[in-house]
Amino acid sequence: MTSISLDAPYDVRSLDLADEGKRRSEWAERSMPVLRQIRQRFLKEKPLAGRKVSCCLHVTTETANLMATLRAAGAEVALCASNPLSTQDDVAAHLVRDQGVHVYAIKGEDHETYYTHLAQALAFGPDLTQDDGADLVSSLHMVKLGRLEDLAGPIRRMVEAMSPAERTALVARVRGSTEETTTGVIRLKAMAKEGILAFPIIAVNDSRTKHMFDNRYGTGQSTLDGIVRATNVLVAGSTFVVAGYGWCGRGLAMRARGAGAQVIVTEIEPVAALEARMDGFEVMTMAEAAPRGDVFCTLTGNIHVIRAEHFLAMKDGAIVCNSGHFNVELDLEALAKISSEHRAVRNFVEEFVVDGRRILVLGEGRLINLAAAEGHPASVMDMSFANQALAAEYLVKNEATLGRQVHMLPREVDVQIATLKLAAMGTHFDVLTPEQVTYLASWDAGT
Ligand SMILES: NC(=O)c1ccc[n+]([C@@H]2O[C@H](COP(=O)([O-])OP(=O)(O)OC[C@H]3O[C@@H](n4cnc5c(N)ncnc54)[C@H](O)[C@@H]3O)[C@@H](O)[C@H]2O)c1
């Protein structure tokens, strides 16, 4: 059992990696002009002065720039990973050494250490949290509801050692939270529906400048990148099976087709299935796709999308991975049960032998774009993290009036972020003429 030293200032692989993390974070910063401008304003205005922010995010070079922005705003910041495989150890070291961030994250950390790090981020005593998958917020609510048995071991032990007054204070101190991803927002909306939310949430994912770009173009490109880096598979001429045609699935299907793959889409939602069909993809059930695919990727936010019956039907050498938030989309327990052999054959590639056929599972079924590649390009995270930074400011400014619901950032924030991004890209766009404003606002103007 790991003993939690709650007041440890950080826990990273090695501070010796900090120079490399700094260099790479500066490289990402070049492609993050919107966040840079927000940081400059925050430096002057200090909107988060005196606030403690605990973040549970992928520890990447882009996140380093968000952390620097929160620090510029005057916040004290703790950061743990939102996935055991997504941490970039050099970035973690850089944030500790150069930004004074309390980072608790090590790439490849085991289950116990992962949750110990979450416990440390909670023990930091945040006023605000930032989640990617709702882990901090759901832990805080388990504490509030007294459901300690549902907490992961290290968090449960930390909370059990607290007095009832300390537990109450831990939750009561939090004035709001932001959520980065679709899966987290779904969970938080379920909590709001049950009426149990203890503080307001800003669903950053629901901003148009987030999901339309990050989920689609970011996930599309970086997922293909992760699959290629892990396997060096030739995409051209392969058959790619994309499970889920939401924002992420659309992005991957588009990019895989662009690289020359024949793309099959599976869906459970008729409108999305129809859209995929009319976008020119083959649409079928997973049972039909299983014997045809060379590469399978799930991006649904759902559980057990690829199951034993599908693995049993796959070709020798089929590559299977996931880019949805949690590692539950592939039923890997069922695969282990039906396999006669199992071994690691390459970094991030495990081979399972089923009826003499080899099935290759990438990145333990975790987000392949973060496990085997670097996550989304900085240019797209620029907009996602501009939303995160502005959401933190918005929560502080409006904490007296925001209800305990899941909120979107106001539309003007989306417009502001898109406008700044277009300006940085040197792209001009038209504005409405006064005549057009009048025309659009009337119901009886000329036909
Ligand atoms: N890899 C990344 O970096 C990254 C980035 C953003 C979001 N995500 C995650 O990816 C997942 C998808 O996000 P999204 O924004 O595309 O969500 P979305 O809601 O837009 O799309 C999900 C789609 O999956 C479909 N689906 C659900 N169950 C299915 C099943 N059994 N078979 C086939 N299709 C099914 C839904 O009908 C929906 O169309 C979420 O878990 C999200 O948190 C990952």
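Select strand β8 (residues 262-266) together with β7: the two run parallel and are joined by five bridges. Helices (H or I, at least four residues) and strands (E, at least two) are DSSP runs, numbered from the N terminus, and two strands count as paired if DSSP finds at least two bridges between them. Residue numbers start from 1 along each chain as its sequence is written. The model is predicted, with local features requiring pLDDT of at least 70 and side-chain atom pairs counted only at pLDDT 80 or more, while totals for chains, interfaces and linings use all residues.

**Stop 1**

Pick Ala243, and its bridge partner in β8 is Thr266.

On to strand β10 (residues 295-298), which is parallel to β7 and joined to it by four bridges. Phe240 stands opposite Val295 of β10. From β10, continue to strand β11 (residues 318-322), again parallel and again with four bridges. There, Cys321 is the bridge partner of Cys297.

**Stop 1**

Strands of a sheet pair through backbone hydrogen bonds, either parallel or antiparallel.

**Stop 2: the ligand shell**

Select the ligand and the residues around it. There are 28 of them, and the closest are Gly244, Gly246, Cys248, Glu269 and Gly301.

Colour the shell by class: nine residues are nonpolar, 17 polar and two charged. In this scheme Ala, Val, Leu, Ile, Met, Phe, Trp, Tyr, Cys and Pro are nonpolar, Asp, Glu, Lys and Arg are charged, and the others, Gly among them, are polar. Domain 1 (15-209 + 377-424) and domain 2 (218-371) each contribute at least three residues to the shell.

**Stop 3: between the domains**

Colour the protein by its division into domain 1 (15-209 + 377-424) and domain 2 (218-371); these bounds come from an automatic or database domain assignment. Taken over C-alpha atoms, the domain centres are 29 Å apart. The contact uses 12 residues from domain 1 and 11 residues from domain 2, where contact means C-beta atoms, placed from the backbone, within 7 Å.

On the side of domain 1 that touches domain 2, α9 and α17 (378-397) each supply at least two residues. The largest share, three residues, comes from α9. By class, this side has five nonpolar, seven polar and no charged residues.

**Stop 4: the seven-stranded sheet**

Next, display β3-β2-β1-β4-β5-β6-β15, an open sheet of seven strands in that order with parallel pairing. Its edge strands, β3 (102-104) and β15 (406-407), each pair on one side only. Zoom to strand β6 (residues 201-203), which two bridges join to β15 in parallel. Ile201 stands opposite Val406 of β15.

**Stop 6**

Select Ser31, in the loop between α1 (18-30) and α2 (33-45). Ser31 counts as partly exposed because it has 18 C-beta neighbours inside 10 Å. Neighbours within four places in sequence aside, Ser31 is in contact with Pro377, Ala378, Ser379 and Asp382.

Follow α2 to Lys46, in the loop between α2 and β1 (52-56). Lys46 is not a glycine, yet its phi is positive, near 50°. With 13 other C-beta atoms within 10 Å, Lys46 is partly exposed.

Finish at Ala134, in the loop between β4 (128-131) and α6 (135-144). Ala134 also has a positive phi, about 65°, without being a glycine. Ala134 is buried, with 26 other C-beta atoms within 10 Å. Most residues other than glycine have a negative phi.

Notes. Near = placed C-beta within 6 Å. Contact = placed C-beta atoms within 7 Å. Buried ≥ 20, exposed ≤ 12 C-beta atoms within 10 Å, placed from the backbone.
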